[in-house]
Amino acid sequence: MKILLIAGHGGKDPGAVANGYKEAELTREFVLSLEKLLSEFAEVSVQDIQKDTYTLLKNGGKVPFSDYEYVLEIHFNAGGGIGTEIYVHETEKKTEVEERIVENIAKEGFVKRGVKKRADLLVMNTCKKQYGVSCALLEVCFIDAVSDMTRYEKKKQMVIQGVADAIIDGFGLRTVQKPVLLKEADEITWELNNRYFKISGYEDFIAVLAEAKKANSPLYWGYYKLVNNIKD
Ligand SMILES: [Zn+2]
């Protein structure tokens with residue numbers, strides 16, 4: 001799955017400034033950590049932080065939204081509230097991923113303001129309406145609320161991990177662990193003895209099987225297939 005992350009307020013725009021924080025610095029740090037956590041499970045790109053996406057689009061510039069299946073923009077809220085909220089375009093049908101995102105952030109003690117539908121945000125309007133690509137804008141918490149920022153400083157890693165988990169689980173990206181194949185004579189013998197039949201002369205059995213393995217004999221491959229559940 002291809003995901004684009006946008007750190008809100010690129011270029012020289014600092015965004016909201018309060019409590020000694022600049023929104024633009026917080027969003028960059030957030031996006032870079034999130035990229036690391038997601039990249040094991042998806043193909044993640046980060047929008048050029050030298051450019052402010054909003055200004056770019058406003059001036060007629062283009063972002064190749066159609067290259068992606070999901071776009072997430074990170075912001076920090078301001079204006080006197082507390083808590084976490086996320087915006088999706090009003091035409092968005094499924095908001096399961098976004099519900100998970102605010103749920104996971106709320107688990108760290110933030111007030112859950114929820115998922116809100118908007119139709120007045122330029123980046124979202126372009127991404128969803130023009131390109132049909134699912135997107136969301138997360139307002140992590142309030143930069144001008146001391147309680148939110150104190151909590152955020154303490155729980156930052158958990159919050160970002162929570163957002164990553166919401167995306168990974170919400171889109172079903174967690175890779176199914178491949179079962180480890182039993183190859184060695186002692187592993188196979190242990191499994192046979194445990195699950196199939198009691199082996200008398202356990203050590204001798206291992207020795208014989210090890211020889212059979214070395215000789216690439218059907219005796220070895222027969223047991224190998226049995227314990228690894230391989231049917232030909
Ligand atoms: Zn912002």
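How many bridges join strand β6 to strand β7, and do these strands run parallel or antiparallel? The legends below begin with this pair. The structure is a predicted model, in which local features need pLDDT of at least 70, side-chain atom pairs count only at pLDDT 80 or more, and totals for chains, interfaces and linings use all residues. Residues are numbered from 1 along each chain as its sequence is written, and side-chain values use heavy atoms, with hydrogens and water left out.

**View 1. Strands β6 and β7.** Strand β6 (residues 84–89) and strand β7 (residues 112–118) run parallel and are joined by six bridges. Two strands pair if DSSP finds at least two bridges between them. His89 stands opposite Arg118 in β7. Strands (E, at least two residues) and helices (H or I, at least four) are DSSP runs, numbered from the N terminus.

**View 2. The unit of β6, α3 and β7.** With helix α3 (residues 96–106), strands β6 and β7 make a right-handed β-α-β unit. Right-handed means that, with the strands pointing away from the viewer, the path from the first strand over the helix to the second runs clockwise.

**View 3. The lining of the largest cavity.** A cavity is a set of points on a 1 Å grid over the protein atoms alone where a 1.4 Å probe fits but cannot get out; lining residues have an atom within 4 Å of a point. The lining consists of Val71, Glu73, Val123, Met124, Cys127, Cys135, Ala136 and Leu137. The elements that give two or more residues to this lining are β5 (70–77), α4 (122–130) and β8 (134–142).

Key
On a 1 Å grid over the protein atoms alone, a cavity is a set of points where a 1.4 Å probe fits but cannot get out, and a pocket is an open set with protein on both sides within 12 Å along at least five of seven lines; lining residues have an atom within 4 Å of a point.
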